[in-house]
Amino acid sequence: MPFSPVSSKVSFPDMERDVLQFWKDKDIFRRSMKERENGPIFTFFEGPPTANGAPGVHHVLARVFKDVIPRFKTMQGYQVPRKGGWDTHGLPVELAVEAELNLTSKRDIEAYGIAKFNEKCKESVFRYVQDWESLSERIAFWVDMDDPYVTYSNEYIESGWWIFSQLWDKDLIYQGYRVTPHCPRCVTSLSSHEVALGYKDDAEDPSVHIKFRIQDSETAQKVLGEGGSPAYLLAWTTTPWTLPGNTGLAVAVGARYVIAEGPWGKDGGTERLILADALTDQALEGDYKIVGEISGRELVGLTYEPLFDYAVPDGYAGKVVAADFVLLTEGTGIVHIAPAYGAEDLSVGNAEGLPVVHTVNIDGAVTDYGGVPWAGKFFKDADPDITADLDERGLLLKGGTITHTYPFCWRCDAPLLYYAKESWYIRTTAFKDRLISANREIGWVPEHIGEGRFGEWLQNNVDWALSRERYWGTPIPLWLCDGCGDPTPIGSIEQLAGQAGLAGYTSDMDLHRPFIDDVTFSCGSCGGTKRRIPEVMDAWYDSGAMPVAQWHYPFENTDVFEQQQMADYICEGVDQTRGWFYTLHALAVLLFDRPAYKNVLSLGHILDEAGEKMSKSRGNVVEPWDILEARGADALRWYMYTASTPGNARRFSANLVGDTVRRFLLPLWNTYSFFVTYANVDGFDPASTPAPSLADRPLLDRWLVSRLQGLIGSVTDAMDRYEVMEATHAIESFVDELSTWYVRRNRRRFWKSDNDTDKAAAYHTLYEALTTISRLLAPFTPFVAEHMHRNLVSTLADDEPESVHLAEWPTVDDTLRDETIEADVRLAMRLSSLGRAVRGRAQIKVRQPLQEMLVMLPGRADRESLARIEDQLLEELNVKAVRAVDDESAFLSVRVRPNLQNLGRRLGGDLPKLTAHIEGLSDAELNTVAARVRDEQSQELAGFDLSHEDLLVDTSDRDGFISGAEGIHTVALNTEITTQLEREGLARELVRHLQELRRTAGLDVSDRITAYVSGDGDGVAGALSDFGDYVRQETLSVDILQTAPGDGATTNTVKLDEATVTIGVERV
RNA sequence: GGGGCAUUAGCUCAGGUGGUUAGAGCGCAGUCCUGAUAAGACUGAGGUCCCUGGUUCGAGUCCAGGAUGCCCCA
């Protein structure tokens, strides 16, 4: 027995566990890389997960897509190193530990002790590492986990330092302001997630319209024209406390503004106000008139007197600037800008050179500038004082209150303020154009992300705020002199150790806070002491540094780094667009002037069965382990690949994965099991049974061989384009045709008793298909592919690879392709389907033979095909003859239509003329036209010269005929049943019952029997007299006795053609 | 508020470059097959391709606007 038996009853999870054990025993993963050592390198970057939480289904999604491409490339001969990694730093880790320790603020953390706190963080990040590793193994995600990079290691940090010093040397690091949501009571920044927790819809705030007096200037005169009364810019705000920090006003350049004149002076005198035309009704009351009109563009560049002079630089004049966020739906179309207290304010301010002026301390108290009466008050409490002061000075147009949405601290309920803090930046905007052009070198799947989400993001690039006032992260390697402020960036441990006057350093120290904070050295310029700035890096910096830092470059592994510095392929969820995809890209462009990766697959999110986001709070999270236990990893993987375009969000449930098993894995397995069962019965050994040459094989064999070559081509092509779904869909339809057409149509060839060339051809053909499929499937469903390969290939010959994952990817042999045969079989399938439909409509079951099927085919090629597929149709549809007819007019009416694909472009607007002409033709005329088309002759219609390809001919049923048509093909059945046909039908019926009885009797398929048939009616006797040999042959009956069954027989009573018949079988 | 995606059969989803009668799986109804057999095959019903307008001889497909849902960023 050449092959291990394969039961059609299979537990995929059990089978997979065996395969896993085999991989482990034989070290297949490592060998799959080792054996390609001399192949070209295909570089994959693993985006590191954080192991402080358990992996979920969405991680499985990412990991199976990460896995499939490297497996494919490995089989193509590439060496695909896959270094694993762990992301270990960052705010989420800190927040989890904070919650665990019941700490609620940075003050708490510092009281607890940074060293102890960071120790807890470090412990927590590998809490679920076991889960991650076992899940990865179970789903066959092959990645090197023996030597992963870990972002908290000193080596990794040191590489991060090196990158920092490189950027510093290129003058790409600077200190600036960054606006963050800030709680004045907790004295801490909040993450966006925390901010989202604390919004209140019913916050009541002041709503004030403020007048900014325009300074006299040439520009002002030109814009405003002549006018005696003072002119003001009118702005609106809900945060009067920010007004002392105002350094600019923003307008919309495209909008129309007006000059309104009215009695708005302190003593009722006439004043002129400028505001957006669209908002005059909303903002102004009482008598006023419009005296002029100005475009927003003209306003830009005007200057105005600051409302308060105590905080702004001496002699500073406010500037009118352009901004795209100015709304014309509320306010005045002129927006008050305080760069210290708003993110948009700050970005406009940075772009326009507006100073950042703080008037509130970090604890929320108004700064004491000496003499401000409201100094020291809580910032919100100063609103009335400020408003009153402005009113006093005639700068308040109107005051009031508004109820709107405002964020509060989710912990202490204090109103948040958006507060500009000093922060360290990477000047990515200096490379904006290069970031954009480098992006064009990247292959995005789906394509739209590159131009859309990612491209837009790069277009709107702002400098990367690098520093975090936190604890558990890569310390920023910048030391400043406490005397003169002179900076020293540190690019390596060696450099640090070599500093003069070094203190607090030991060679084996942990580079994290707080230890690194104690390392100081002397300032070369002034003799002062240099201390590290307290901030740590944004954790995204770590992940973006991964191509460099995973190798501890440039301190080690320079050769490896140079080989693998640019990824051929990366893959993550779409949420990484502005995360890892960006930080990789930004650092690569800034450091190396090239993209970090050549191809990127961006995956959509996983939703639950109802289309809702999966989350713990909703309780709709599907556990990957449950599915793996029930259906297996191949099923889960195949579902991920086939269910939807990878970039789209997809719904997910255990049921959907179950469908995959039924639809794909079981038919595949059954085909495999079928082959093995009969190959073992016949002792078929592919090595010792000579393979008949292709020319000696029947048409269906040549079809399958050709079809298989086509499949290899399309799967390879799709995978080269990273179109995983396209590749898997192609395999799916092949397996479907293999199972439902090839195997079904050829079953007899496998179970007949002669061991002839035909049988050898069948075995070899199916064997080649199954072994090729196992290789094509290896990247997608590595388990079932392995099982098939090992059983069908490895065990037979020592020189065959012992694992499918060590085998080579199949390549197309064009000499085996035959388009004609593929067209033949497509036609056979289509005509069979039509024939069955006709039988269904006529209510004549396939078991009943019929005399004749008429087939009307339009093209010469199809008519030639028919001759080659005739025998398939006879058998499949159980008819005695298939006849091609030229003239279907007896049972069909003809329809002629213009071929739009040809004529649309050629005739354009004249097309309706032709359509109308054809519609007006009589049946006879249509038949003439159709006949010419069929003979492939050209003709003239409605004045147009038309070739046979310009017209399409098809048909529809006439009353009283049973026929079926699909597209251009039509079949009709002769439904007359003669006595002979009826007897043959009965014989087949009898065979079926006897076969069933054989099975009930538990007989082996090769057992010979005596059959008994007795009962009333002479139909059966007639059938046996005409078709007794046929029945004997089919049922392996030595004798058919028309008597009551003997004692040893298994019997049954069945209805045969109205008659009741007792049948029996007995082994001889 | 900005950007991106999605919306196609009861459900889950496919549908290069615009082209004739819009497909698959599941479910449903019916039938068949019977040496893959607690499997399998086929047929059928089922569609306002989210809405409105535009471009075009022709729009599920291209353009504009809108609706709903999701994601990212404010």
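**Spaces and their linings**

Modeller: By class, ten nonpolar, two polar and one charged residues make up the lining of the largest cavity. Here Ala, Val, Leu, Ile, Met, Phe, Trp, Tyr, Cys and Pro count as nonpolar, Asp, Glu, Lys and Arg as charged, and the others, Gly among them, as polar. This is a predicted model, in which local features need pLDDT of at least 70, side-chain atom pairs count only at pLDDT 80 or more, and totals for chains, interfaces and linings use all residues; side-chain values use heavy atoms, with hydrogens and water left out. Residues are numbered from 1 along each chain as its sequence is written, while chains are lettered from A and ligands numbered from 1 in the order in which they are written.

A cavity is a set of points, on a 1 Å grid over the protein atoms alone, where a 1.4 Å probe fits but cannot get out; a pocket is an open set with protein on both sides within 12 Å along at least five of seven lines; lining residues have an atom within 4 Å of a point. Grid points are joined across faces, edges and corners, and a volume is the space filled by probe spheres set on them.

By this rule there are five cavities of 30 Å³ or more. The largest cavity has a volume of about 70 Å³. Of its 13 lining residues, G544, P547, V548, A588 and F592 lie nearest the centre. α20 (546-549) and α22 (580-592) each supply at least two residues of this lining, and α22 gives the most, with five. Helices (H or I, at least four residues) and strands (E, at least two) are DSSP runs, numbered from the N terminus.

Turning to the open spaces, the second largest pocket holds about 2300 Å³. Its lining counts 50 residues, with R747, R748, W751, Q995 and E1034 nearest the centre. By class, 17 of the lining residues are nonpolar, ten polar and 23 charged. Elements that each supply at least two residues include α25 (654-682), α27 (724-751), α35 (979-1000) and β39 (1037-1041). The largest share, nine residues, comes from α27.

α27 also gives the largest share, six residues, of the surface near RNA strand B, where near means a heavy atom within 4 Å. Q995, one of the residues nearest the pocket centre, has a polar side-chain atom 3.3 Å from a base nitrogen of RNA strand B.

Key. A polar contact is a pair of N or O atoms within 3.5 Å; within protein, one must be able to donate a hydrogen and the other to accept it, and residues adjacent in sequence count only if both atoms are side-chain atoms.
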